[in-house]
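Here are my notes on this one, jotted down as I went through it. Have a look at the model first, then see whether you read it the way I do.

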Amino acid sequence: MKQPKQKNCIECGKLFNQYNSLVKVCSTECAIKVAKVKVKKEVSKQWQKEKKEIKEKLMTKSDYLNIAQKVFNTYIRLRDKDKPCVSCDKPLKPNDINASHYYSVGSSPNLRFNEFNVHNSCIRCNKELHGNIAEYSIRLPLRIGKENFEQLIQDRNKPSLYSINDVKEIISKYRQKIKELS
């Protein structure tokens with residue numbers, strides 16, 4: 001007959017005779033404690049899943065647009081990381097970068113996620129000089145090409161019709177592009 005192995009209990013750490021390879025605890029009390037921990041973890045996982053679903057159901061179009069804007073701006077910062085400020089041509093420091101819209105989101109919401117409309121800019125030009133549009137207007141056609149610049153001008157008056165599903169697709173698209181650039 002085979003001799004039982006001496007094992008440490010996974011709950012209390014005491015040595016016990018393991019008669020069966022499936023037994024991991026020394027007593028019923030330890031087995032109950034281990035089971036309670038497992039149940040707690042399962043309940044916690046289930047609650048986290050339910051909480052995520054509830055939060056998602058409560059999200060508005062505006063919430064999704066804010067997430068999409070952050071993801072899109074992150075992509076622009078990565079895409080243009082080695083380029084100078086679009087408005088003043090000065091080299092950009094990592095903590096001095098804004099994703100600057102040529103046509104603002106307020107005046108042209110349909111261009112909010114247009115890659116030709118958004119470029120890296122220094123904080124001074126984007127915030128203090130309100131985009132430094134005069135210089136931005138000169139340098140943007142050089143950066144994106146005259147045809148793309150003219151198309152951008154034509155597109156600025158088109159209506160903005162983003163549904164929640166459209167915004168979710170934008171979030172997914174730019175998260176994927178970020179992964180590719182990272």
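1. Start with asparagine 114, which sits in the loop between strand 3 (97–101) and strand 4 (118–122); helices (H or I, at least four residues) and strands (E, at least two) are DSSP runs numbered from the N terminus. Its relative accessibility is 17%, so asparagine 114 counts as buried (buried is under 20% relative accessible area, exposed over 50%, partly exposed in between, with a 1.4 Å probe and protein chains only). Setting aside neighbours within four places in sequence, asparagine 114 is in contact with Phe72 and Leu152, contact being heavy atoms within 4.5 Å.

2. A word on the ground rules: this is a predicted model, where local features need pLDDT of at least 70 and side-chain atom pairs count only at pLDDT 80 or more, while totals for chains, interfaces and linings use all residues. Residues are numbered from 1 along each chain as its sequence is written, and side-chain values use heavy atoms, with hydrogens and water left out.

3. Next, the salt bridges: the structure holds eight, counting a side-chain nitrogen of Lys or Arg within 4 Å of a carboxyl oxygen of Asp or Glu. Aspartate 80 is the one I'd look at. Its side chain meets that of arginine 79 at 2.8 Å, N to O, and that of arginine 143 at 3.9 Å, N to O. The arginine 143 pair links distant parts of the chain, helix 4 and the loop between helix 2 and strand 3, 63 residues apart. Arg79, Asp80, Lys83 and Arg143 are linked in a network of salt bridges.

4. How accessible are these partners? Aspartate 80 counts as buried because its relative accessibility is 0%. Arginine 79 is partly exposed at 23%, and arginine 143 is partly exposed at 24%.

5. Glutamate 135 is partly exposed, with a relative accessible area of 30%, and so is arginine 139, at 23%.

6. Last, helix 4 (residues 133–144) packs against helix 5 (residues 146–155) at about 120°, axes 6 Å apart. Axes are lines fitted to C-alpha atoms, for helices over the stretch in contact, and angles run from 0 to 180 degrees between N-to-C directions. The contact is made by Ser137, Leu140, Pro141 and Ile144 of helix 4 and Lys146, Asn148, Phe149 and Leu152 of helix 5.
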